[in-house]
Amino acid sequence: MKEAIFSDLKKRMTKSLEGFNHELGGLRTGRASITILDGVKVDFYGTPSPIKQIATLSVPESRTITIQPWDISQIHAIEKAIQSSGLGLNPSNDGKVIRIIFPPLTEERRKDLVKIAKKHGEECKVSIRNIRRDANEELKKIEKDKKISQDDLKKFQHEVQDLTDKQIARVDELLAAKEAEIMEV
């Protein structure tokens with residue numbers, strides 16, 4: 001019973017952390033990162049497809065992404081999808097390859113990105129705390145049904161809190177690393 005609760009708790013917290021990490025990957029830092037294009041879908045013969053499924057993406061320099069479509073006829077569709085994505089990227093193509101050059105970020109934009117990263121971090125922490133609450137409610141329910149003692153309940157709740165603290169510390173670590181990356185000139 002306890003094992004199932006803890007297994008679910010760990011799985012859900014890990015998913016929250018992975019989601020947070022994915023959100024951070026989508027934040028532009030002045031350095032080129034192909035993860036920024038993860039949410040961009042291209043109309044590929046009537047089917048919305050992620051760019052990485054229809055082209056080769058690479059980062060040849062720290063501020064440049066190159067996109068080489070497998071089907072050259074899709075080059076304009078890819079370019080259009082990137083322009084309309086709301087990421088503020090300006091792709092250019094030479095007929096075979098699309099290049100996205102990342103200009104250096106202004107100080108103001110860096111601060112805005114840090115605020116966005118902190119907002120995502122706070123959302124992740126709230127999610128982790130909600131998962132903790134759910135686990136504690138499950139533990140109280142099985143204690144009420146006399147399947148575990150009050151002492152066991154306290155011990156298990158302490159274990160839940162320890163796991164929660166570790167996950168929140170991990171969120172803080174990821175956030176600090178991303179903040180340093182964003183503020184790096």
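Two strands count as paired if DSSP finds at least two bridges between them. In this predicted model, strand β4 (residues 64-69) and strand β6 (residues 98-101) meet that mark with four bridges, running in the antiparallel sense. Within this pairing, look for Thr64, which stands opposite Ile101 in β6.

Step back and you will find an open sheet of four strands, in the order β3-β4-β6-β5 with antiparallel pairing. Because β3 (55-61) and β5 (91-93) stand at the edges with a single partner strand each, one side of each has no neighbour in the sheet. On average, neighbouring strands are turned by 25° against each other, direction ignored. Helix α2 (residues 75-83) packs on this sheet and touches β3, β4, β5 and β6; the direction of α2 makes about 165° with that of β5.

Now to the charged side chains: the structure holds 12 salt bridges. Here are three of them.

| Salt bridge | N to O distance |
|---|---|
| Asp134 and Arg12 | 3.0 Å |
| Lys125 and Asp172 | 2.6 Å |
| Lys141 and Glu138 | 3.6 Å |

The Asp134 and Arg12 pair links helix α3 (residues 107-144) with helix α1 (residues 2-25), across 122 residues. Both belong to a network of salt bridges that also takes in Asp8, Arg133 and Glu137.

Lys125 lies in helix α3 and Asp172 in helix α4 (residues 150-183), so their bridge ties together parts 47 residues apart in sequence. Is Lys125 buried or exposed? Lys125 is buried, at 13% relative accessible area, because the cut-off for buried is under 20%; Asp172 is partly exposed at 35%.

Lys141 and Glu138 are three residues apart in helix α3, so about one helical turn separates them.

Note on methods: Residues numbered from 1 in each chain as written. Predicted model: local features only at pLDDT ≥ 70, side-chain atom pairs only at ≥ 80, totals over all residues. Heavy atoms only, no water. Helix = DSSP H or I, 4+ residues; strand = E, 2+ residues; numbered from the N terminus. Axes fitted to C-alpha atoms, helices over the stretch in contact; angles between N-to-C directions. Contact = heavy atoms within 4.5 Å. Salt bridge = Lys/Arg side-chain N within 4 Å of Asp/Glu carboxyl O. Buried < 20%, exposed > 50% of the residue type's maximum accessible area, 1.4 Å probe, protein only.
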